[in-house]
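This briefing covers pockets, a nonpolar core, backbone angles, a salt bridge and selected contacts. The points are grouped by topic.

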Amino acid sequence: MFTGVIFLGFGLYFLLQQYNIQIFDDLYSWPTLIIIVGLGFLAQGYLAKDNEAILPGAIITGMGIHFHVVNKLDMWQDHAGVFLLLAAVGILLTYVKTGAGLMMGLLFLAAASLLLFFDRLANWAVERGHDISLISNFWPIFFIAAGAYFIFLQRKK
């Protein structure tokens, strides 16, 4: 399934490009190729029932979409939180299919949300007389601690 979707997608991409058929502005760029690869993984995950392909499919497709729209939409953030959000979406889509990974998906979603909206949260807190900017200094330590927990402590259970 994966190989078929990749060849079909690349073939359509190059055919449309060869005949100069314009469907969308900036369609003929490398992010489109990334989307095609991601869709191949998603097809493998859903149509070939290879559940392990859903996570990389969601991340790769999302990255292609991200690179297409990051400079076109003012509301779209070019932020590390976007990539955590893509991982969360992939994990949650895998959970829907397999029933495993809900807490991990929600954890990634919470971390992505905090990263994406921290500036707004900090501004909101400052308006109410609180300074939470110190928290931003501890983001790396939080991620290191969470990673160490999942690698060393959670694995033993």
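A pocket here is an open set of points on a 1 Å grid over the protein atoms alone, with protein on both sides within 12 Å along at least five of seven lines. Its volume is the space filled by probe spheres set on the points. The model is predicted, and the values below are computed from it.

**Second largest pocket**

- The lining of the second largest pocket is made up of Met-75, Trp-76, Gln-77, Val-82, Leu-85, Leu-86, Leu-116, Phe-117 and Arg-120.
- Helix 4, residues 80-98, and helix 5, residues 102-127, each contribute at least two residues to the lining of the second largest pocket.
- By residue class, the lining of the second largest pocket holds seven nonpolar residues, one polar and one charged.

**Gln-77, a lining residue**

- Gln-77, one of the residues lining the second largest pocket, sits in the loop between helix 3 and helix 4.
- The relative accessibility of Gln-77 is 24%, so Gln-77 counts as partly exposed.
- Leaving out residues up to four places away in sequence, Gln-77 is in contact with His-66, Val-70, Val-82 and Leu-116.
- Val-82 and Leu-116 also belong to the lining of the second largest pocket.

**Largest pocket**

- The volume of the largest pocket is about 250 Å³.
- Its lining has 13 residues, and those nearest the centre of the largest pocket are Gly-9, Leu-12, Thr-32, Ile-36 and Leu-39.
- Helix 1, residues 2-18, and helix 2, residues 30-46, each provide at least two residues of the lining of the largest pocket.
- Helix 1 gives the largest share of the lining of the largest pocket, with six residues.
- The lining of the largest pocket comprises 11 nonpolar residues and two polar ones, with no charged residue.

**Thr-61 in helix 3**

- Thr-61 belongs to helix 3.
- Thr-61 has a relative accessibility of 9% and therefore counts as buried, the cut-off being under 20%.
- Beyond residues up to four places away in sequence, Thr-61 touches Ile-35, Gly-38, Leu-39 and Leu-42.
- Of these contacts, Leu-39 is also among the residues nearest the centre of the largest pocket.

**Largest nonpolar core**

- Nine residues form the largest nonpolar core: Leu-84, Ala-111, Ala-112, Leu-115, Phe-118, Ala-122, Ala-125, Ile-132 and Trp-139.
- Helix 5 supplies the largest share of this core, six residues.
- In soluble globular proteins, nonpolar side chains tend to be buried together.
- Ile-132, a member of the core, touches Phe-118, Leu-121, Ala-122 and Ala-125 when residues up to four places away in sequence are not counted.

**Leu-92 in helix 4**

- Leu-92 is part of helix 4.
- Its contacts, not counting residues up to four places away in sequence, are Leu-102, Gly-105, Leu-106 and Leu-109.
- Leu-92 and Ile-144 are 52 residues apart along the chain, and their C-alpha atoms are separated by 22 Å.

- Asn-20 is not a glycine, yet its phi is positive at about 55°.
- Asn-20 is located in the loop between helix 1 and helix 2.
- The relative accessible area of Asn-20 is 56%, so Asn-20 is exposed.
- Lys-49 likewise is not a glycine and has a positive phi of about 55°.
- Lys-49 is located in the loop between helix 2 and helix 3, the latter covering residues 54-69.
- Lys-49 counts as exposed because its relative accessibility is 62%, the cut-off being over 50%.

**Salt bridge**

- One salt bridge is found in a search of the whole structure.
- Its partners are Glu-127 and Arg-128, whose closest N and O atoms are 3.5 Å apart.
- Side chains of opposite charge can pair when their charged atoms come close.
- Glu-127 is exposed, at a relative accessible area of 64%, whereas Arg-128 counts as partly exposed at 46% relative accessibility.

Definitions and conventions
Residues numbered from 1 in each chain as written. Predicted model: local features only at pLDDT ≥ 70, side-chain atom pairs only at ≥ 80, totals over all residues. Heavy atoms only, no water. 1 Å grid on protein atoms, 1.4 Å probe; cavity = no way out; pocket = protein on both sides within 12 Å on 5 of 7 lines; lining within 4 Å. Helix = DSSP H or I, 4+ residues; strand = E, 2+ residues; numbered from the N terminus. Nonpolar A, V, L, I, M, F, W, Y, C, P; charged D, E, K, R; others polar. Core = buried A, V, L, I, M, F, W, Y, C linked by side-chain atoms within 4.5 Å. Buried < 20%, exposed > 50% of the residue type's maximum accessible area, 1.4 Å probe, protein only. Contact = heavy atoms within 4.5 Å. Salt bridge = Lys/Arg side-chain N within 4 Å of Asp/Glu carboxyl O.
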